[in-house]
Amino acid sequence: MNVKYQKTMYACFIGYIVQAIVNNFVPLLFLTFESAYHIPLRQITMLITINFGIQLLVDLLSAGFVDKIGYRVSVIIAHFFSAFGLLGLVVLPEILPSAYAGLLISVTIYAIGGGLIEVLISPIMESCPTDNKERAMSLLHSFYCWGHVGVVLLSTLFFRLFGIENWKILTCIWIIVPVFNAFIFFRTPMAPLVEEGEKGMSMIDLCKNKVFWVLMLMMLCAGASEQSVSQWASTFAERGLGVSKTLGDLAGPMAFAVLMGGARAFYGKFGDRIDLDQFMMGSGILCMMSYFCISLAPSPFLSLIGCGICGLSVGIMWPGSFSKASASIKNGGTALFALLALAGDLGCSGGPTLVGYISSLAGDDLKKGILAAIMFPVLLVVGIILLKSLKIAGNERRHSD
């Protein structure tokens, strides 16, 4: 590891914490927004759709401008968008005629920042000269999990001590994180993602590559495998333990995030001794088993245990797919990472949607919806097998030439 890039890696870690703040802080305030601004809850929950919709759009468009303005400028802009969006939550609902319009504008601004961070941080980390890039990538993505846990725990503690009516003060405290990290990125060294004298692949070039489509399938399934259960973990906790929603959030999504982060940190620590393909295959099979446990277990408590096992099993899927992509497609450049992020986000949106749709068809039976979503870990395992076969076929062609 080149010591001068250590600071860059730390900034990347904090970058994913910033994204965790952007995605997970505002949902904690939904009921507060409802009571303080007299906004119907159905309108407030649209803020999540707007957030992830904007991030999807940024994923798609970023390949066209990131290379032109550079990674350093782009990642600094991303952090300031995140900060200004959070600041907007404090200011805009108070000064605009419509509080809801203020919230929508704020969410749109920080969603642009969050989308850019998702596209930029992984390739910046990938470009750093590390001894084992798979380990570094897995460790990097664990920081999103730790950020998620930290946001929920620290915010819950703040609200308990100082009252949720002081949420604006806490929002200003969270703003410090992206601003601080933006100034770190001002001074960190950055290695080029594509070797000097070479050019990154275009979207058209990528679309002609069979390996690329297998990787897109893997990313979509990684996001869907994770969120199909994560989005419903609180419900299982409430039913399985008979606790309040607050404790349900801690026992469900928090436990899921801790175990997912633990899996990523484990591979980040010991990845040099573990074959990534085998680890991902084993995780995919464990994920299938967890889906069966959630769906077919005779008691809600066992279903909750299945949720925890699922968090452990999906940990390597997202960072592992990124690592497989960078190793399989040389000079993929910004376009590769932007499209992978797009596929992952589509999976994060599509997985829970499928679960909800199937559940409603089955008379609101959530277990049947989860069972239907088992197709995602199955397809992920199929994708790993296909990727290995394409790699073997490619090597044989090169040798024959």
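Biologist: Where is Ile 370 found, and what makes that stretch a helix?

Modeller: Ile 370 is found in helix H18, which covers residues 366–372, and the name follows from the rule that helices are DSSP runs of H or I with at least four residues, strands being runs of E with at least two, both numbered from the N terminus. The model is a predicted one, in which local features need pLDDT of at least 70 and side-chain atom pairs count only at pLDDT 80 or more, whereas totals for chains, interfaces and linings use all residues. Residues are numbered from 1 along each chain as its sequence is written, and side-chain values use heavy atoms, with hydrogens and water left out.

Biologist: Why is Ile 370 called buried?

Modeller: Its relative accessible area is 0%, and buried means under 20%, exposed means over 50% and partly exposed lies in between, with a 1.4 Å probe and protein chains only; Ile 370 is therefore buried. The C-alpha atoms of Ile 370 and Pro 352 are separated by 8.8 Å, with the two residues 18 apart along the chain.

Biologist: What makes Ile 109 partly exposed?

Modeller: Ile 109, which lies in helix H7 (residues 99–127), has a relative accessibility of 23% and so counts as partly exposed. Leaving aside neighbours within four places in sequence, Ile 109 is in contact, meaning heavy atoms within 4.5 Å, with Phe 81, Phe 84 and Gly 85. The C-alpha atoms of Ile 109 and Gly 88, which are 21 residues apart along the chain, are separated by 8.4 Å.

Biologist: How do you know whether Ala 83 is buried or exposed?

Modeller: Ala 83, placed in helix H6 (residues 71–95), has 5% relative accessibility and therefore counts as buried. With neighbours within four places in sequence left aside, Ala 83 is in contact with Ile 175, Pro 178 and Val 179, while the C-alpha atoms of Ala 83 and Val 18, 65 residues apart along the chain, are separated by 9.1 Å.

Biologist: Why are H1 and H4 called oblique to each other?

Modeller: The axes of H1 and helix H4 (residues 46–62) come within 10 Å and cross at roughly 140°. Axes are lines fitted to C-alpha atoms, for helices over the stretch in contact, and the angles run from 0 to 180 degrees between N-to-C directions. Angles under 35 degrees count as roughly parallel, over 145 as roughly antiparallel, 65 to 115 as roughly perpendicular and the rest as oblique, so H1 and H4 are oblique.

Biologist: Which residues of H1 and H4 meet?

Modeller: Gln 19, Val 22 and Asn 23 in H1 meet Asn 51, Phe 52 and Gln 55 in H4. These residues divide into two nonpolar, four polar and no charged, where Ala, Val, Leu, Ile, Met, Phe, Trp, Tyr, Cys and Pro count as nonpolar, Asp, Glu, Lys and Arg as charged, and the others, Gly among them, as polar. Gln 19 is buried, with a relative accessible area of 4%, and Asn 23 counts as buried at 9% relative accessibility.

Biologist: How do you know the relative direction of H11 and H16?

Modeller: The axes of helix H11 (residues 210–230) and helix H16 (residues 317–328) come within 9 Å and cross at roughly 170°, and H11 and H16 are therefore roughly antiparallel to each other. The contact is made by residues including Leu 215 and Met 218 of H11 and Trp 318 and Phe 322 of H16, and its residues divide into nine nonpolar, four polar and one charged.

Biologist: What makes the phi of His 38 worth a remark?

Modeller: His 38 has a positive phi of about 55° although it is not a glycine. Most residues other than glycine have a negative phi. His 38 is found in the loop between helix H2 (30–37) and helix H3 (41–44), and at 69% relative accessibility it counts as exposed.

Biologist: How many disulfides does a search of the whole structure find?

Modeller: The search finds zero disulfides, a disulfide being a pair of cysteine sulfur atoms within 2.5 Å. Cys 207 counts as partly exposed at 39% relative accessibility, whereas Cys 221 is buried, with a relative accessible area of 0%.
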